[in-house]
Amino acid sequence: MTTFPLLTILIFLPLAGTLLLLPAWRRSGWVRPLALIVGMAELALCCWLTVVVGSGTKLPTTVLPGYFLREDLTWIKRLGVHYLLGMDGISLPLVLLTSFVTVIAMIASWRAVTEKVALHYTLLLVMESGIMGVFLSLDLFLFYLFWEVMLVPMFFLIGIWGHGRRIYSAVKFFLYTLTGSLLMLVAIIVLYLLHGSQTGQYSFALPDLLRTVVPHGTGLWLYGAFLLAFAIKFPIVPLHTWLPDAHTDAPTAGSVILAGLLLKTGAYGLIRFGYPLFPDAARLFSPLLIALAVTGILYAAWIAYAQTDMKRLVAYSSIGHMGFVALGIAVWTPVALSGAVLQMVNHGVTTAALFVLVGMLDERAGTRDIGAFGGLWDKAPQLSFCFFFFAMASAGLPVLNNFVGEFLILAGTFRGHHLAATLAFLGIVLPLIYTVRLVQELLFQTERQPLPVADLTLREGGVLGVMVMIDLYLGLHPAPLLAIIRFPVSLLTGTDGGTP
Amino acid sequence: MSMVDLWPVIPLLVITAGALTALICGAVGPGRHPYIVAIIALLGAGCWALQPVPLPEATLPGVAFHPFARFFTVLFTLTGAATLLLSMEYNLERQIRGEEYPATVLFAVFGMCALVTASNLLILFLALEALSFAFYILVAIDLRKNESAEAGLKYLLQGAVASAFIAFGIALVYCGCGTLEIAVAMQGGTDTAGAPPLFIGGWGFIIIGFAFKVSLVPAHLWTPDVYQGAPTPVAAFLSTGSKGAALAALLLLMMPLKTGTFLHHPLWIMALLSMVVGNCAALVQTSLKRMLAYSSIAQMGYLALALLTVTREGYRAVVFYIVVYTVLNLAAFGALSTLLRSCDGEALEGLRGKGYVRPFPGAVLALAMFGLAGIPPTAGFIGKFFIFAAALRGGETMLAVIGILTAALSVFYYLRVVVNLYLNPLDAPPSGERVTLPEGLVFGACSVVIFFIGIHPGPLFNLVDRIIP
């Protein structure tokens, strides 16, 4: 156990940062840089941690295998709730992603948000705290708390700064996700009581609960409840209907965080809690999950093709990509699982960039209708290049990052599930169709309406430039990241590592 | 009778003296003075109950000042004080003048405290009547509003029937067990052969009476009308104090039971109906007060869910949730009475965009809504968690799952308030809804408690464990 509460700082730094905004509440000119400083500080902390971990420096050893850092305090003694945080090779990339995407979201809403600026940035910071908490909690009670806390800021982000049917979308998002999580809460309580009756010691801590002997029938129900909550967040196809609405009506920062981070929490929950807690039930459910994941991949590609609103198109493409992650988790082989974790990071960066770009176009032209644009390459070459780049990355072009993740997932799937892998391979090809159409209509088609599309400003160029570099780096040299992911994945899948 | 015998009833004496002083004070110096006197009396009584020294064994017949009673005395005096603080500005605005208002509130608190101090069925019934009488008056105190009088009459008629049920139930229990001493009577008398049929029958009547008092479906019909008609602070007091007191009395009766299995089925049905009907009906309300009334019916359903386990753990969850629910509802009704002070009706639309122009009460109302919906890190989450954990531990899996699903439904109408506060534009510039200092005090205290219990519930857990060992 470390003496320095690094993980606590990681979670609560953004929340404490909101206090910094209070004195400047009415001066939007001050609020933006102040919030950005907090976000940058968090990002710097995460980067430093990654470098330290990546360079193989020994961090203080912990009791839990595979974890770099751990903090354990008794929180609610009466219920056996612990303030148990831990960071391993799966949470580290996601934590890094969280701090990065939040900074992107802050910069993306720099000019787009002009009303209630301080509230907007406060919500972004609160959200960051919530998501960090989700990725770092190892106590189910604590996890559930953060899991619900992160809904509230997103509800307000969509509801206050959104467009179109923002209230409908915000409420739908909130209710949809909450219903799933409430059933998970029942499952958590049942598991907790089961553990208590077996050992006489009531605890919510994951390491304790992992030792619980769950009867087969009960396990199916409990896993079902967990799966439902996570599948809604994912979203896995029949439960995805909240996502296009939420994305379309959310402001840019909301979409960026929604796609970049919130969707990942579902996948993370399944990896961290769902499978390890109920291995038998998970194995039994896995064909269903594989079928749904493949359906999702194909269905999303099909629907995305029919979209005229480019934000909606990106939202559907996002469902498809998360289908790959779901597939990687469902087959639960070391290679596929590493691919899934990697794909979460890749998708987070690429889709966030696409939403930022769509937001920029919307901001400039005042429309998101694909049919209204055309000939952007001549008018705004830098913006067009970035759009082209990220569209190709999203479509899984080799050399770029998404390809690596999807390839690993398919490679891991093929061994045991030929049909699923073959169908999912189609899912790599199909996105090319709608992506090429999008790119063609937007960038290369002759201009249809004289829309005022200026090229990137320095701020926008800087952000996108960094994201381009990250995409290239992860595409060309994913080995360091995979090395971090590899050990916990091998622990989870019960193999000696595999060769991702 | 020595001085020591009086110890357990000192809070009651202080409250009564305070009520009389308030009445006299009204004749000499009207305005805010009676309120201040009443608040001081309540806080004094609360402090007396708070003192850490164990009180000497009471020898007075019919009352016992055990930790359970002390705990609730503090809760009820604070609730009464909060009600008075909230009422000051509201009553001035609505021209509810006179010292009878604070005095009646004190009489109601007297009833509540006497109720939890009772160790004798007769005292319990008298206290319940004292409490109900005070509320009949308080509900109808707004003489300029016809709805207020109507609500008062409705509450009086139904309340009288409920009291009759309880009285008859007590009589039957007495016939069956031959004693009015709660601790002995609830063991089913001195007869060890098992609970006599008269005892069970008496409990049937008692449960029906209490179902009315805490408004469990199907005895809930008075609730929305009365809440709507009553002045908002009175509605706050009614939904927190009177229900808390009735639940505490029910706990007092249920705790000594040897076996409570005969209560399981009626409570099961009432819990189910309350959760389903309360939450569904709240969905379609357009009046905020009616919505909160149905919401409180649903909340009572959750409490019944913990009660029907007839376990210590369930009772602890009930006590915990009473505290949480009291704070949340005080905050909700209090913020409403401020926000809607200038509007005539209490339509949901009256809140449009007010979250920005009236940040403090707006935020408190939103917090209370999130709390009632059970979203962490508010106290509402921990309270609901405790309730559902107790229900699942008691083996009520199906009812708990239904309860959770209706709770998900309830989020919709709680969110509607938040949507109107923050997501809808302001219609007209508001006027005359400044937060006064007394209201601010209540709001601040409630918000702090909501967050404190939500983040650090340990102390309250310890307290609850101590009063229900």
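Analyst: Across the interface of chain B and chain A the rule finds 2 salt bridges, a salt bridge being a side-chain nitrogen of Lys or Arg within 4 Å of a carboxyl oxygen of Asp or Glu. This is a predicted model, in which local features need pLDDT of at least 70 and side-chain atom pairs count only at pLDDT 80 or more, while totals for chains, interfaces and linings use all residues. Residues are numbered from 1 along each chain as its sequence is written, chains are lettered from A and ligands numbered from 1 in the order in which they are written, and side-chain values use heavy atoms, with hydrogens and water left out.

A salt bridge joins the side chains of A:Arg78 and B:Glu313, with 3.3 Å from N to O. Between chain B and chain A there are also 4 residue pairs in polar contact, both residues being at pLDDT 80 or more; a polar contact is a pair of N or O atoms within 3.5 Å, where within protein one must be able to donate a hydrogen and the other to accept it, and residues adjacent in sequence count only if both atoms are side-chain atoms.

On the side of chain B that touches chain A, the elements giving two or more residues are helices H14 (312-339), H17 (379-393), H18 (397-423), H19 (437-455) and H20 (458-467) of chain B. Helices (H or I, at least four residues) and strands (E, at least two) are DSSP runs, numbered from the N terminus. H18(B) provides the largest share of this side, 12 residues. Sorted by class, the side of chain B that touches chain A has 27 nonpolar, 3 polar and 4 charged residues, where Ala, Val, Leu, Ile, Met, Phe, Trp, Tyr, Cys and Pro count as nonpolar, Asp, Glu, Lys and Arg as charged, and the others, Gly among them, as polar.

In total, 34 residues of chain B are in contact with 33 residues of chain A, contact meaning heavy atoms within 4.5 Å. The size of an interface is often given as the accessible area lost when the parts come together. Here the area buried between chain B and chain A is about 3,000 Å², and carbon and sulfur atoms give 83% of that area; buried area is the accessible area (1.4 Å probe) that two parts lose on being put together, summed over both. B:Phe385, B:Ile404 and B:Leu423 supply 22% of the area that chain B buries against chain A, more than any other three residues.

Some backbone details of each chain complete the picture. The peptide bond from B:Pro376 to B:Pro377 is cis, with omega near 0°, and B:Pro377 is found in the loop between helix H16 (359-373) and H17 of chain B. In chain A, the peptide bond from A:Phe234 to A:Pro235 is cis as well, with omega near -10°, and A:Pro235 lies in the loop between helix H9 (216-233) and H10 of chain A. Most residues other than glycine have a negative phi, and most peptide bonds are trans.
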